[in-house]
Amino acid sequence: MSDDQDTMDEWAAALAEAEQADIDSEPEVAELEEFSQGGGSKLSADERRKLDTILDIPVTISMEVGRSKINIRNLLQLNQGSVVELDRVAGEPLDVLVNGTLIAHGEVVVVNDKFGIRLTDVISQVERIKKLR
């Protein structure tokens, strides 16, 4: 139980550090509210309920180190110890994708022997919503 608490404390500290570093997050929240309110008008109870329903939809988030194109012949020859060259330079930020859509870039961090990602560049919420259209 103590290990679990230590892990949670370390993640909480890492998240707090990330929040402290992200000074620009407040204006984006305001932009999202303005966008969802249709130019400043207040949401009706029905619209708020619909928005709450959308906000509870689960999505898949993935981090992409890089990509490579190979033909099936080479794919079938891969085995343990094979190396696949990716299209990224070592140290370049990872892509953070939600349902296959790029939303941010980040760097790998390790907390208590587990991998995580620290977001370094986030696409604004308004831009992400516009991409959905």
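## Strand pairing in the sheet

Two strands are taken to pair if DSSP finds at least two bridges between them. In this predicted model, strand 1 and strand 2 (residues 94-98) run antiparallel and are joined by four bridges, and within this pairing Met63 has Val96 of strand 2 as its bridge partner.

The sheet as a whole is open, with four strands in the order 1-2-3-4 and antiparallel pairing. Because strand 1 (61-64) and strand 4 (114-122) each have a single partner strand, they stand at the edges, and one side of each is left without a neighbour in the sheet. From one strand to the next, the twist averages 40 degrees.

Side chains of opposite charge can pair when their charged atoms come close. The structure holds five salt bridges, one of which links Asp46 to Arg49, with the closest N and O atoms 2.5 Å apart. Both residues lie in helix 3 (residues 45-55), where Asp46 and Arg49 are three residues apart, or about one turn of the helix. Asp46 is partly exposed, at a relative accessible area of 37%, and Arg49 is likewise partly exposed, at 48%. A network of salt bridges links Asp46 and Arg49 with Lys50.

Glu64 forms a salt bridge with Arg67, in which the closest N and O atoms are 2.9 Å apart; Glu64 is buried, with a relative accessible area of 17%, whereas Arg67 is exposed, with a value of 52%.

Asp95 forms a salt bridge with Arg88, the closest N and O atoms being 2.3 Å apart. With a relative accessibility of 12%, Asp95 counts as buried, since the cut-off for that class is under 20%.

Key: Residues numbered from 1 in each chain as written. Predicted model: local features only at pLDDT ≥ 70, side-chain atom pairs only at ≥ 80, totals over all residues. Heavy atoms only, no water. Helix = DSSP H or I, 4+ residues; strand = E, 2+ residues; numbered from the N terminus. Axes fitted to C-alpha atoms, helices over the stretch in contact; angles between N-to-C directions. Salt bridge = Lys/Arg side-chain N within 4 Å of Asp/Glu carboxyl O. Buried < 20%, exposed > 50% of the residue type's maximum accessible area, 1.4 Å probe, protein only.
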